[in-house]
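Student: Could you walk me through this one? I'm new to it.
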Amino acid sequence: MAAKMTATARRWPHVGRIVAALAFMLAVLLMPWAARAEEPVAPPLLERLTPAVLAEVFPGATRVELVADDGPAAAAAFVGEAQAGYVFSTLDVLRAPGYSSTPFDVVAGVTLEGRITGAVVLFHREPYLINDAARTARLVAFLEALRGGEARLGAEGGLPPAFVVGATISARAMRNAVQEGARMVLRYRTEEITVTEPTIDMINFKPMSPAQLVEDGGLVLAHVRNADLQAAMDAAGVGDLLPEVPMTGGPDATYVDVVAGYANPPRIGRNGVGLEPYDTLVNGMPEGTMGIFVATLGGVYDHRGTRFNNLSNGFALDRITLEQGGRAYGFEKSDMIPARGKIADILILPLEAGFDPMQPWRADLHAAALRPDGTRVPFVLARLEYALPAGYILMPEVPPRPAWLEAWEEGTRDIAILCASLVLLTGILAFQGALTRRRRLYRVLRLGFLSFTLVWIGWIASAQLSIVHLVNYLKVPFADLDLGFYLAEPLIVILSVYTAVSLVLIGRGVFCGWLCPFGALQELLAQVARALRLPQWNPAERAQRAMWWGKYLSLGLILSLVALAPEAAPVAEEIEPFKTAITAIFVRGLPYVVYAVALLLIGLFTERAFCRFLCPLGGALAILDRLHLLDLLKRRPECGNPCHLCERSCPVKAIERSGKIVMAECFQCLDCMVEYHDDRRCPPLAQARKRKGRAPAPAPAGVMPPAFAAVAARRTPSA
Ligand code: SF4
Ligand code: SF4
């Protein structure tokens, strides 16, 4: 039978590839069905808001009332008689899809001030959360940590999505849906001002005293004492003269307190000069007129003086000038909008003045000294450096960093570790000829790499590639999902790309033999089993061929369910014990743990039994393996006839009696290559070595020399 199949394969060398291509096309054709997102039907919001849910999402709310408007669906939450915020469902507002592409339902609350009050998941189909109590508990804690945070996509605070290890895409999608949903609910119902470029806030107003304005930076204060006046006069070289306005009191007595600031924001201008003068500025002047608020709060001096009333002085307000970017601005009486009852003015600047209120500027307070002959010597008494505080400028909403970018930035260290390990693996595969000539070195290298794969890739980084990832990637072209959504798992993306490239070049063995944490766990346990000399069992070649179909059947079952009955697919996906043994590290429900342990126990007696006969991901990779371009594993004419050394050394029995390697079943462990290069064990090499030493007569063609038979019959230790 085996001979017949081999002959068929020889006659139809491309049949495997054609079948693989057809199978792959069939899988792709199924994907539009699979990509149809399940449309969950939820009961009305108020029915979902049970007292327990309401207590979680809006603590303290005494009742909720559905809001009857055209905005995003929401219920108003009341504390007593006063409305305190809104409660909404991400399913109603956004229908944001999860990792499974089925929209989840997270109910959340937001205060009128824009703070999240709580969030609870009511429904999801996230594959890495279903039936996983430990990870679900992490998700609950992750959503709880949103409480008190800003209702804005990209708001800081809370826990990082990586907290829900192994389900970061789901966690990130739910967090973003809560923040964005809350924003949408509020934006529709509050008078929120949105701008597209930095704009001075001309809307917000609250009564503020000069002291409060000085405190928040809206005004800048110059407190000039008599000592400061004397210092300014000394600096101007008129220290021996008398000031035009005499001092009273000692050196620490206040000579003048002056404030200045940009007058157009109502919190500054309206509080500074009162409603009527402020109205003159913003409504009674040509469009674009700007105002500088200046007020004297105390002291014997003031910013006005009297000379601005004099024609002889040109009505110039010579006690105040402005400077911005090297340009000076002066004012006249006609530029003043005075306040009633206080020494406070708005000094106007027309649009053409070229003044930029968003840039820093300086107000100079001038004074004069009197010479004995009565002539004035002006000098600068104080300089008031000013910059409009950020609180008076409305900024356009900063688009949040894309979720995938956030994940890549946060995962830099892990990405570096994984990439370094992939470089090492590439080196091992590239220099496999030299490495497999050194049996001990190669053995250490392989066991070390498998341990890294299990412990770091699997248990620490939770980067176990699984059939769920493959199905989701196949859905991408057909699902209405942003590709960035899938890029948000950097380690999985890198592993997927590396696996895809290595699959096309070398075959499925690069992933299955080196990068699959569950595969590594099985192989490491098999090493222990061998060390303990546990009996090993492998099916006969024909039975094994039949059993290989198991993995294709499990793959077919999962793909069919994903396409036809998505609600049942997560159950079938549990064929893979990865979630239990790798991402949850056996902290899961008993049935899952029993199943995973049973598979591992079977693997002690039949190496990688799960990989060979049941793994759906292995099945998918084995189908695609038929397309690989390079054959790295070498063969000699003697392989299979008369020698069977490599065949016996292959731990997964991927070498046929004929000596041909079934690449779809090969795990690239390179054990056979270690034998291939061993001139003490590989009979043709051993014979050649002996010939070199003793030059014996060659054995007749087709006859296996006794040395061959003895070596080949021996059960060989694994590399
Ligand atoms: S067959 Fe499955 S479990 Fe085995 S190594 Fe490949 S993907 Fe991992
Ligand atoms: S022994 Fe050779 S044929 Fe067998 S799995 Fe390893 S590399 Fe593949």
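Student: What should I keep in mind about the model?
Tutor: It's predicted, so local features need pLDDT of at least 70 and side-chain atom pairs 80 or more, while totals for chains, interfaces and linings use all residues. Residues count from 1 along each chain as written, chains are lettered from A and ligands numbered from 1 as written, and side-chain values use heavy atoms, without hydrogens and water.

Student: Which strands stand at the edges of the sheet?
Tutor: The open sheet has five strands, paired antiparallel in the order β1-β2-β3-β4-β5. Two of them have a single partner strand each, so one side of each lacks a neighbour in the sheet: β1 (63–66) and β5 (116–123).

Student: How many residues of α7 are buried?
Tutor: Buried means under 20% relative accessible area, using a 1.4 Å probe and protein chains only. Helix α7 covers residues 168–189 and is mostly covered. The count is 18 of its 22 residues.

Student: How many residues around ligand 1 are charged?
Tutor: Asp, Glu, Lys and Arg count as charged; Ala, Val, Leu, Ile, Met, Phe, Trp, Tyr, Cys and Pro as nonpolar; the others, Gly among them, as polar. The shell, with a heavy atom within 4 Å of the ligand, includes Arg508 and Arg608. Eight of its residues are nonpolar and two polar, and the charged ones number two.

Technical notes:
Helix = DSSP H or I, 4+ residues; strand = E, 2+ residues; numbered from the N terminus. Expected span 1.5 Å × (residues − 1). Buried < 20%, exposed > 50% of the residue type's maximum accessible area, 1.4 Å probe, protein only. Pairing = 2+ DSSP bridges.
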